Amino acid sequence: MYLPYFFLFSILLALSPSSALVQDFCVADLSLPPTPAGYPCKKPSKVTADDFAYHGLAAKGNTSNIISAAVTPAVDAQFPGVNGLGISIVRIDLAVGGVIPLHTHPAGSELVVVIEGTILSGFISSFDNVVYIKTLNKGDIMVFPQGLLHFQINSGKTPALAFASFGTQNPGLQVTDYALFKNDLPTELVNKVTFLDVAQIKKLKGVLGGTN
């Protein structure tokens with residue numbers, strides 16, 4: 001006979017402001033190392049309005065590199081206010097012919113919006129390896145599911161600019177070329193797992209800074 005009263009009491013307790021345990025935010029404390037769940041929270045007394053604003057995406061990235069492209073991040077490590085909120089963003093600058101090589105984001109899906117120029121974008125499904133490619137112009141958007149290999153190429157005749165948002169505070173990144181050729185993974189193992197010619201592997205390791 002007391003069960004209905006117990007449930008009523010539980011509901012009232014849950015609605016009581018004094019019992020609320022949910023925090024409005026968890027601004028990253030960058031003085032502490034990150035955890036698998038993100039950065040530890042900064043003490044509320046230390047939080048300021050500056051933690052929720054970021055000005056690092058205003059300037060064009062340096063595209064004078066091997067891929068003729070630049071990615072400027074505003075994830076938790078740069079933008080403490082997104083910590084714990086499940087969102088982040090990056091700026092993508094592509095010179096003519098620039099490319100963001102095949103890569104994955106293991107921790108989040110991506111949505112790209114083209115601001116200027118023309119970008120050829122695509123991704124590959126994980127099970128049957130179907131390729132989905134679209135040419136995107138100013139104002140177009142495309143989504144890339146979490147963890148799938150994808151790329152962007154400036155296919156136009158002018159520099160291109162895009163912004164990519166993520167459904168996570170830090171999507172993670174693994175570039176396929178770098179994983180194979182920018183470390184000390186032995187050439188003979190790369191040959192075995194990729195079927196690439198040994199001479200080509202050594203050439204790519206030389207270009208990207210790998211050894212062995």
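Strand β3 and strand β8 (residues 150-154) pair in the antiparallel sense over 3 bridges; two strands count as paired if DSSP finds at least two bridges between them. This is a predicted model, where local features need pLDDT of at least 70 and side-chain atom pairs count only at pLDDT 80 or more, while totals for chains, interfaces and linings use all residues. Residues are numbered from 1 along each chain as its sequence is written, and side-chain values use heavy atoms, with hydrogens and water left out.

**The chain as a whole**

- The protein chain has 4 helices and 10 strands; these are DSSP runs numbered from the N terminus, with helices (H or I) of at least four residues and strands (E) of at least two.
- Of the 212 residues in the protein chain, 34% are buried; buried means under 20% relative accessible area, exposed over 50%, and partly exposed in between, with a 1.4 Å probe and protein chains only.
- Among contacts with a separation of 6 or more, 67% join residues 24 or more positions apart, where contact means heavy atoms within 4.5 Å.

**The sheet around β3**

- An open sheet is formed by 5 strands in the order β6-β5-β8-β3-β10, and the pairing is antiparallel.
- At the edges sit β6 (131-136) and β10 (174-175), each of which pairs on one side only.
- The antiparallel strands β3 and β10 are joined by 2 bridges.
- Follow His103 and you find Val175 opposite in β10, and also His150 opposite in β8.
- Thr104 lies in β3, and the bridge partner of Thr104 in β10 is Gln174.
- Thr104 has a relative accessible area of 13%, so this residue is buried.
- Setting aside neighbours within four places in sequence, Thr104 is in contact with Gly147, Leu148, Leu149, His150, Gly172, Leu173 and Gln174.

**The nonpolar cores**

- A nonpolar core is a set of buried Ala, Val, Leu, Ile, Met, Phe, Trp, Tyr and Cys residues joined through side-chain atoms within 4.5 Å.
- The largest nonpolar core has 18 residues, and those touching the most other members are Ile92, Leu94, Ile119 and Ala164.
- At least two residues of this core come from each of β2 (88-94), β4 (110-116), β5 (119-124), β7 (141-144) and β9 (160-166).
- Strand β9 supplies the largest share of this core, with 4 residues.
- Apart from neighbours within four places in sequence, Leu94 has contacts that include Ser68, Val99, Ile119, Ile153 and Ala160.
- There is also a second, separate core of 6 residues, including Leu57, Ala74, Phe79 and Leu161.

**The largest pocket**

- The largest pocket has a volume of about 400 Å³.
- On a 1 Å grid over the protein atoms alone, a pocket is an open set of points where a 1.4 Å probe fits, with protein on both sides within 12 Å along at least five of seven lines; lining residues have an atom within 4 Å of a point.
- Its lining has 20 residues, and the closest to the centre are Val71, Val90, His103, His105 and Leu173.
- Strands β1 (69-74), β2, β3 (99-104) and β9 give two or more residues each to this lining, and β3 gives the most, with 3 residues.

Terms used
Grid points are joined across faces, edges and corners, and a volume is the space filled by probe spheres set on the points.
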